[in-house]
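Good morning, and thank you for coming.

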Amino acid sequence: MFDFFKRKCEQPIEEAAKLKTALLELDKITKMLVKRDLALYDSKEKLTIEKGKMDAAINSLTDGLIIINLEQKIILINSKAENILNLKNGILIGKTLSEFIDLPYIKELYEILTKTEGHCRDKKCELVLKKPAEEIFEMQTTPVITQSQETIGTLIILHDITREKLINKMKSEFVTIAAHQLRTPLTGIKWTLEMILNEDEGQINQEQKELLSKAYKSNERMIKLINSLLIVSNLEEGRFIYKLSEIQIEDLIQEIIENFEVQIKNKNIECILNKPEKYLSKVKVDLEKIQMTLENLIDNAIKYTPQKGKIIISLKEENKEIKISVKDSGMGISKQDQEKLFTKFFRSEKALKTETDGSGLGLFIVKNIIEAHKGKIWVESEEKKGSIFYFTLPII
């Protein structure tokens, strides 16, 4: 009987102990949940602050930024881009550009994006907006890629180059006027020196002839530089390619090689022209400008190839274009110099030591001529092992 009552008394005590344990566990869980909520709130607040900082940074950029997702919907546009396109705050978010095609500035942007088909990724495009004052923006697109290398959209960057274009135009106009004004008196000096050297106005002694010859050569270099500056000015103004005609490129190259025959013989250089047995397809080019290009590349090859060296000019047809290469056995070009080779006025230190004449405009002009013909130009070179200049021209 005693055991029975003892068990009856112990049951409430056990139940109370279990309840106490349960309450302690519940209290522990409650505290954990409170801590988690506080941590989440803190994280959310931090994320909000960071997002605010990021939005402020994006909106303070001087360039316009637009991000389009894979569904062609705009997921981000900063205030600069909205100002450029004359849009209200956030009106494009979640929409596609095609939905706003009736807006004038959106129409221009949309047309460039659809017509270029990724071209702006390889080369910067120009977006011209009439506002009524003309504004010009350099436009470039780049894919947005996650850390897992997944492409999630496209970033569009709009950089205002209106002032830069205006300055370049003014500079180009100044160079054109100055060059024309200088060329006239220089041409007069040239003819005067020629008359004296030819002794049309009386005999001169050997010492006088040598001094006048030096003056004549210096004057010729000045005329050549003035002509190069005029060409560069015309290139920058986009008025350089005038008369297009169909030509057989290998015949032109053969003719140019023959014109350099004296220089080739003087340096005892072996000049080889590799061309297919059958004629290549014709190309449609500005003959004068392509001749200028080939003369520049072959002249450089002769200048920088040592005595008894070798020049190889090759032609082949592939991928609907003619590919031409000019290979020399000269001193080569360093990797560092190759990056600047086709820029204005650039001449490497080695080139200056080897060949003092030159303005650093030749390859800049050549590059612009080839690109104006929708071709490409590049160089492969290694120091002390020569260089190969390649360029392509599209087939008709």
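Predicted model: local features only at pLDDT ≥ 70, side-chain atom pairs only at ≥ 80, totals over all residues.

Glutamate 321 stands opposite proline 394 in strand 12.

These two strands belong to an open sheet of five strands, in the order 7-9-10-12-11 and with mixed pairing. At the edges stand strand 7, residues 270-274, and strand 11, residues 377-381; each has a single partner strand, so one side of each is left without a neighbour in the sheet. From one strand to the next, the twist averages 15 degrees.

Two helices lie across this sheet. Helix 7, residues 249-259, lies across strands 7, 9, 10 and 12, and runs at about 170 degrees to strand 9. Helix 9, residues 287-304, lies across strands 9, 10 and 12, and its angle to strand 12 is about 170 degrees.

I turn now to the aromatic rings. How many aromatic pairs does a search of the whole structure find? It finds two. In one of them, phenylalanine 342 and phenylalanine 389 have ring centres 6.3 Å apart and planes at 80 degrees, so this pair is edge-to-face. Phenylalanine 342 lies in the loop between helix 10 and helix 11, whereas phenylalanine 389 lies in strand 12, so the pair ties together parts that are 47 residues apart in sequence. Phenylalanine 342 counts as buried, at 13% relative accessibility, and phenylalanine 389 counts as buried at 10%.

The rings of tryptophan 378 and tyrosine 390 have centres 5.3 Å apart and planes at 15 degrees, so that pair is stacked. Tryptophan 378 is in strand 11 and tyrosine 390 in strand 12, twelve residues apart. Is each of these residues buried or partly exposed? Tryptophan 378 is partly exposed, with a relative accessible area of 29%, while tyrosine 390 is buried, at 14%.

Finally, I come to two lysines. Lysine 190 lies in helix 5, residues 162-197. Its relative accessible area is 18%, and the cut-off for buried is under 20%, so lysine 190 is buried. Its side chain makes a polar contact of 3.5 Å with the side chain of glutamate 220. Leaving aside residues up to four places away in sequence, lysine 190 touches Tyr216, Asn219, Glu220 and Ile223. The charged end of lysine 190 sits over the ring of tryptophan 191, 5.2 Å from its centre. Elsewhere, lysine 131 lies over the face of tyrosine 105, at 5.1 Å from the ring centre.

Notes. Residues numbered from 1 in each chain as written. Heavy atoms only, no water. Pairing = 2+ DSSP bridges. Helix = DSSP H or I, 4+ residues; strand = E, 2+ residues; numbered from the N terminus. Axes fitted to C-alpha atoms, helices over the stretch in contact; angles between N-to-C directions. Contact = heavy atoms within 4.5 Å. Buried < 20%, exposed > 50% of the residue type's maximum accessible area, 1.4 Å probe, protein only. Polar contact = N/O pair within 3.5 Å; in protein donor to acceptor, adjacent residues only side chain to side chain. Phe/Tyr/Trp six-rings, centres within 6.5 Å; stacked < 30°, edge-to-face > 60°. Lys NZ or Arg CZ within 6 Å of the ring centre and 35° of its normal.
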